[in-house]
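Work through the exercises below with the model open beside you. Try each task before reading its solution.

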Amino acid sequence: MTRTENKILTDKKNNQSFMKFVASLFILILVGSNIILSQESGIISAAKVQMEEGKYSEAIDLLNNYISAEPRRAEGYALRAECYDNTGQYYKAVLDWEKATKLDPTNQVLQSNLAKSKAILNNNLQEKIKGHERELAIDPSASGNYLAIGKAYKQMEDYPKAEKYYDKYLSKVPETSPDEILRYAEILAKNNHIRKGEKILKEYADKYPDDWRLQSRYGYFLMWNGKYRSAKKRFSNALQMKPYFKEAQDGWDVVSRKAYVTQSNPIPRVREYPIDRDYRLLKK
């Protein structure tokens, strides 16, 4: 047998081996996909059984896992919303019904359930507001009532009134928690009061330099006011504390694309934890 014939025979064997490998890999992927689909279907079935037995907390735990695996499927959000409705957690129910309707916008049942939950939520919040207003009539200095009313209006998506009561609350207290400032910043963004938000976020971002959420949110307000260099620094601070924090990563990407922002300071090098590295490689 000549050298050429040997080479042809070797190449043929290699091709056959490669095709067998590809076929085996395809079968493994297909089997794996079927197993995953079967597992996810099993989670939905198990959650429905728990719901039928009135064990809504257990069902929510199962649905949390399902939604993590299938965030683009409306069924998980709809079932979890039903659980929240049955446990009186109407605000969470509304959020999940809204997610479900966005994923399945032509589904009239989802639209109807969203409207029902919103109506119950708004009625409950109105009663709550009236109660706190009665307390304020007795003691106008009770700051907690202003905060409670502001939160209620925020949940009702009445952002101008929410801002009004948050302002009153903040005028009554020397300072508040980072969580409340983040909620307040969301309200200010909805009302397009960006300069006002930048000022108060600077105060709290400097006061709590280890809170990556404040650093990132402050970065957005700086960016919206055209202060890209300062925004980039705040996003960098957030990423150094919380690697792969998506909100900060997205902000960093935006400010980095601005034409006159220098590229001499690349994205900060952050330590990649082994579990994050493994997940990234697995996903890739």
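## Exercise 1: A leucine and its surroundings

L79 has a relative accessibility of 11%, so this residue counts as buried. The model is a predicted one.

**Task.** Place L79 in the secondary structure and find which residues it contacts beyond its sequence neighbours.

**Solution.** 
- Step 1. Locate the residue. L79 sits in helix α3, which covers residues 74-86.
- Step 2. Set aside the neighbours within four places in sequence. The contacts of L79 are then I44, K48, M51 and L63.
- Step 3. Take one partner and compare sequence with space. L63 is 16 residues from L79 in sequence, and their C-alpha atoms are 7.6 Å apart.

## Exercise 2: The chain as a whole

**Task.** How many helices and how many strands does the chain have? Then describe its burial and its contacts.

**Solution.** 
- Step 1. Count the elements. The chain has 13 helices and 0 strands. Its pattern along the sequence is α-α-α-α-α-α-α-α-α-α-α-α-α.
- Step 2. Turn to burial. The chain has 284 residues, and 35% of them count as buried.
- Step 3. The accessible area is about 17,900 Å², with 54% of it belonging to carbon and sulfur atoms.
- Step 4. Look at contact range. Take the contacts with a separation of 6 or more: 48% of them join residues 24 or more positions apart.

## Exercise 3: Salt bridges

**Task.** How many salt bridges does the whole structure hold?

**Solution.** Side chains of opposite charge can pair when their charged atoms come close.
- Step 1. Take the total. The search of the whole structure finds 20 salt bridges.
- Step 2. Start with R73. R73 has a relative accessible area of 40%, so it is partly exposed. E70 is at 17%, so it counts as buried. The cut-off for buried is under 20%.
- Step 3. Move to E203. E203 counts as partly exposed because its relative accessibility is 41%. K207 is at 35%, so K207 is partly exposed too.
- Step 4. Now R234. R234 belongs to helix α11 (residues 228-241) and D206 to helix α9, so the pair ties together parts 28 residues apart in sequence. At 14% relative accessibility R234 counts as buried, whereas D206 counts as partly exposed at 38%.
- Step 5. Close with a network. Salt bridges link K151, E180 and R183.

## Exercise 4: Aromatic pairs

**Task.** How many aromatic pairs are there? Classify the pair Y204 and Y208 and the pair Y220 and W224.

**Solution.** Two numbers describe a pair of aromatic rings: the distance of the centres and the angle of the planes.
- Step 1. Count. There are 7 aromatic pairs.
- Step 2. Classify Y204 and Y208. The ring centres are 6.3 Å apart and the planes are at 10°, so the pair is stacked. Planes under 30 degrees apart count as stacked. Y204 is buried, with a relative accessible area of 3%. Y208 counts as partly exposed at 26%.
- Step 3. Classify Y220 and W224. The centres are 5.9 Å apart with 55° between the planes, and the pair is tilted. Both residues lie in helix α10 (residues 212-224), 4 residues apart, about one turn of the helix. Y220 counts as buried at 15%, whereas W224 is partly exposed at 45%.
- Step 4. Extend the view. Ring pairs join Y220, F221, W224 and F235 into a cluster.

## Exercise 5: Charges over rings

**Task.** Over which ring face does K207 lie, and over which does K232 lie?

**Solution.** 
- Step 1. K207 lies over the face of Y204, 4.8 Å from the ring centre.
- Step 2. K232 lies over the face of W252, 5.2 Å from the ring centre.

Notes
Residues numbered from 1 in each chain as written. Predicted model: local features only at pLDDT ≥ 70, side-chain atom pairs only at ≥ 80, totals over all residues. Heavy atoms only, no water. Helix = DSSP H or I, 4+ residues; strand = E, 2+ residues; numbered from the N terminus. Buried < 20%, exposed > 50% of the residue type's maximum accessible area, 1.4 Å probe, protein only. Contact = heavy atoms within 4.5 Å. Areas by Shrake-Rupley, 256 points an atom, 1.4 Å probe, with all protein chains shown as cover. Salt bridge = Lys/Arg side-chain N within 4 Å of Asp/Glu carboxyl O. Phe/Tyr/Trp six-rings, centres within 6.5 Å; stacked < 30°, edge-to-face > 60°. Lys NZ or Arg CZ within 6 Å of the ring centre and 35° of its normal.
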